[in-house]
Amino acid sequence: MVDRIWLDVPYAEKDEAKQAGARWDPAAKRWYAPRKGMTALQPWAAAADVPDLLPGEDRTLGQGLFVDLVPSSCWFTNVRSCVAPRDWERLRRMITRRAGIRCEACGAAEDREAKRWLEAHERWVYDDAARVQRLKRLICLCTDCHTVTHYGYAQVRGLEAKAFAHLVRVTGMSRAEARRHINMAFTVWDVRSATTWTLDLSILTDAGITLKRPPSAEKRPGVAAATLAAEHGTPPPAPADAGEIAARIAVERGIALPETSPAEPRPAPLAPSRSPHPDGMVPRPREQDSPSVLRRLFRRGR
C-alpha cells in the first residue's frame, strides 16, 4: 500500500475534513492527507494506534450471538458516549481491523447495498456486591447481529421479526428456545435495573483513551426519550413529558400514558437497549406483537 499520511476523522466531521482537503482510502476505510504540510488538516492528525488487546480485556467473554440488554441505570454509559470522538474513531478502527473486517458473531462482511455495517459493541460484567459495571471486551458485530443484541431497541424500530429470525438462523435455536432466551434476557435486565451501577472503563483509560462524562443517571431517560423522538421525526418531548417518562421507567411499572384510553390494555414494562446508536427505551417482548407504549407516544404530533 502507498504510504499515507493518515488522519483520525470522526464520522460527524468527515465533510469538514473533506472540505479541508482530506481524501478517503476505500481499501483502508480511512481518511488521509494527500500531501505533507496541509495545516488545515492538523486538527485530525493521527494519534498512535490503540493496542489490539486492551489492558485487562477478555477476548473470550460473550462469544456468539445473544440478547445483551444493559440496565436502565446504565443508559448512555456505552463507550461511544464516554470517549472523545477522535478516540472513538481510533477504537472503532482497531475493533474492525482485529476482527478481520468481519462480524465476530456470524462472520458477515460489510454490505452497503444490504445496509449492513460493521459496528462496535461492549461486553460488560457486573459486580453485584460492589455495584460496579465493568467493561471487559469490545466486539465487532454486523448491523443484523447488533440489532439482535439490542433486541428491545429493535422492537421500537419495528425490526423485531427481522431480529428474531436472525437470532434463530445464526444460533440454530428453535423458535421456542429463542423466545425463552429473549424472556430470560429481560428477566436479568429487571433485576439489574434495580441497582445504580458505578462505571469502570479502566481498560480504556489504561490504554490512553480520553473519557468524557456521560449524562447523569437521572437525566438518561429524558435524553433517551428525546433521542428516540428525533429518530421518529417528531418534536422532542417537553421537559415535563421527559420527567414523566423517566419516572415511569424508573419504577418499571405498566402505567398508561395520558392519551391511553381506559379500554386499552395495560402497557408492557419498558426496557433499555444498546447500539452504535444512543441508548433508548424499549418494551418488554411479548408472544404476540402489539403496539408499544413508545409508538403510541411518538404518534403525538404526527
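Helix α3 gives the largest pocket the biggest share of its lining, 7 residues. Helices here are DSSP runs of H or I with at least four residues, strands are E runs with at least two, and both are numbered from the N terminus. This is a predicted model, where local features need pLDDT of at least 70, side-chain atom pairs count only at pLDDT 80 or more, and totals for chains, interfaces and linings use all residues. Residues are numbered from 1 along each chain as its sequence is written, and side-chain values use heavy atoms, with hydrogens and water left out.

**The largest pocket**
- Its volume comes to about 1,300 Å³, a volume being the space filled by probe spheres set on grid points that are joined across faces, edges and corners.
- A pocket, on a 1 Å grid over the protein atoms alone, is an open set of points where a 1.4 Å probe fits, with protein on both sides within 12 Å along at least five of seven lines; lining residues have an atom within 4 Å of a point.
- In total 43 residues line the largest pocket, and Y11, R92, E110, W117 and L118 lie nearest its centre.
- Two or more lining residues come from each of β3, α2 (79-82), α3 (85-98), β4 (118-127), α4 (143-149) and α6 (160-171).
- By class, the lining splits into 20 nonpolar, 6 polar and 17 charged residues; Ala, Val, Leu, Ile, Met, Phe, Trp, Tyr, Cys and Pro count as nonpolar, Asp, Glu, Lys and Arg as charged, and the others, Gly among them, as polar.

**Helix α3**
- With 14 residues, α3 reaches 20 Å from first C-alpha to last, close to the 20 Å expected at 1.5 Å a residue (the expected span is 1.5 Å times one less than the number of residues).
- Most of α3 is covered, with 10 of its 14 residues buried (buried is under 20% relative accessible area with a 1.4 Å probe, protein chains only).
- Among the buried residues of α3 are D87, W88, R90, L91 and M94.
- Those buried α3 residues pack against β3, α2, β4, β5 and α8 (202-205), a contact being heavy atoms within 4.5 Å.
- Just past the end of α3, G100 takes a positive phi of about 70°.

**Strands and sheets**
- β4 has 8 of its 10 residues buried, so the rest of the structure largely encloses this strand.
- β4 pairs with β5 (residues 132-142) in the antiparallel sense over 10 bridges; to count as paired, two strands need at least two DSSP bridges between them.
- Across that pairing, W124 stands opposite L135 in β5.
- The β4-β5 hairpin has 4 residues between its strands, and R131 takes a positive phi near 55° there.
- Elsewhere, an open sheet of 3 strands runs in the order β1-β3-β2 with antiparallel pairing; β1 (5-6) and β2 (23-25) are its edge strands, each pairing on one side only.
- β1 and β3 (residues 30-33) pair over 2 bridges, with I5 opposite A33 in β3.

**V148 in α4**
- V148 sits in helix α4 and is buried, at a relative accessible area of 0%.
- Beyond its neighbours within four places in sequence, V148 is in contact with L65, V67, A163, H166 and L167.

**The chain overall**
- The chain has 11 helices and 8 strands, and buried residues make up 47% of its 302 residues.
- Of contacts between residues at least 6 apart in sequence, 71% join residues at least 24 apart.

Key:
Buried means under 20% relative accessible area, exposed over 50%, partly exposed in between (1.4 Å probe, protein chains only).
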